[in-house]
Amino acid sequence: MNKKISIITGLFAASVMLVSCSDDFLEVTKPDGDPLEEYYTTNERLYESLVSAYSPLHWPDWDGTAYNDLTCDAEILGDDFWVGGASITDNQHWHKLFNFEGDGNNTLGTLWGDFYSGIKRCNDVILYCSWGGGTESNRRMYETEARLLRVYYYNILWHYYGNVPFYLENLGTPYTAPQLTADEIYAQLLPELESIIESNVLPLRRSNAEAGRVTQAMAYMLFAEMVMYQNDAARYPKALAYMKEIIASGDYKLHADFTDLWQESGEWCEESIFEINYDDDNAQRDWGTAMFAGGTVFPTLCSPNGWPGGEGWDSGNDGWGFLPMRVETYNMYAEGDLRREATCWDVRGYTYTERYQDTHIWHGKYRPQSVNNQDCPSSKNLNYNNNKRIYRYAETLLNAAELLLQTGGSVSEATGYVNQVRARAGLDNLGSVSIDDILTERHLEFCGEGKRYFDLVRAEGISGATQKASTVLVPDNYGYRTNSWKPSKKHIPLSQSELDADPTLKQNEY
């Protein structure tokens, strides 16, 4: 397992979050007070700034203020999991958003600060590289990585909030930027992403020694994700070409064992296109140092409370009971589908402390195992080494299949891509696929990976799709979700604290 891009913090002061703050909050100097221009003059020091720009990737699961793991955030909006926790008031913002009744005080407020911090740090790297330090090849690489990371950070903000402030150079007084609409954000980001791709600076795949750094393949996947979410048909042919380039390269392929894919041995395997690194070795992360290097709290969040021991998780470990899986989710897998065991951690034979909405079925892909935090010298429940899988080759195949159908391409070729994914799952081939077949396969393949909700939303604009947010995200039979999704729910509310800090910001309709 490779953790070469370390998740570190403390190199620089926290970045602008578009809130009121004193000027010195944004002024960064060397410890001895020398100007930045005299510090960022070598490859090593430019690399320091680049690593700092990667750091916010790992903050959302717990940044010292809130638990907003991106997988959990997305899944509570979908139809595969309940929110859980101790009660309906535990992490109340999740329960409010689950029922499509969020507001400025019940939203994913900390994501704003986490990813604007990332944007600010990316802008720093780009600025420092413009000063001419280090070698030209390293400057080009670091700047391109920072630009791509910046698009990724904006992509998250765009998916959740839609209408957000946008800037490509760090801000001066009064530290505010124009709030663009979601369509305007997309119109700004896609040309930037296309420019990054066309520069051809990034390798299609990194060596094992550099696992964790962004690649051309990651850029291709990000492009396809954004274009498909926007239902931007004019760019579908380009997105399809990118997917086919990944497929033809031979650099990526399906990992043979779906279950092993979610073990430590499966991290950065041949299927992995991009992951967020977490590590329990020498973890500095603790209750007072949430954003320091270390592991993830997500396995603790999404596991049973008062565990008696078993299933590779020792007694004395304590999950917090969030994200219990719906029984219907378990039941959607056909007998013989090898993905079910890895996706659904079924502990209906165990006795433990039941929490709210408990089904005794839990998130299998990121489930806690004692071996995954055994090397942690600090708080073990904060430091599991489960890497967060962002883009996998399976998604490349299913993207290609969907884009073929969307562009009038070969149905036979699209079916072949889908059947590769099904064969790995131990299922029979389909004779021919439709859009609905592909969306169903995505549901089965990526359950619990934070993609289902966004698939349902974008399906609102896909001809022939019957699995849509408006038809699926409706009141359930249990009385948990009493409201229905509607188009105004596509973007969650902005935090009230941000609205108070910048009166020019406009709240999303919700």
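Predicted model: local features only at pLDDT ≥ 70, side-chain atom pairs only at ≥ 80, totals over all residues.
Residues are numbered from 1 along each chain as its sequence is written, and side-chain values use heavy atoms, with hydrogens and water left out.

Across the whole structure, the search finds 32 salt bridges, each defined as a side-chain nitrogen of Lys or Arg within 4 Å of a carboxyl oxygen of Asp or Glu. Three of these pairs are set out below.

| Pair | N to O distance |
|---|---|
| Glu449 and Arg392 | 2.7 Å |
| Arg235 and Glu194 | 2.8 Å |
| Glu395 and Arg442 | 3.3 Å |

Glu449 pairs with Arg392 in a salt bridge; because Glu449 lies in the loop between α14 (435-446) and α15 (452-458) and Arg392 in strand β4 (residues 388-392), the pair ties together parts that are 57 residues apart in sequence. Helices (H or I, at least four residues) and strands (E, at least two) are DSSP runs, numbered from the N terminus. Glu449 is also buried, with a relative accessible area of 8%. Both residues belong to a network of salt bridges whose members include Glu271, Asp337 and Arg339.

The salt bridge between Glu395 and Arg442 links helix α12 (residues 393-406) to helix α14, 47 residues apart, and both of its residues are buried.

Note on methods
Buried < 20%, exposed > 50% of the residue type's maximum accessible area, 1.4 Å probe, protein only.
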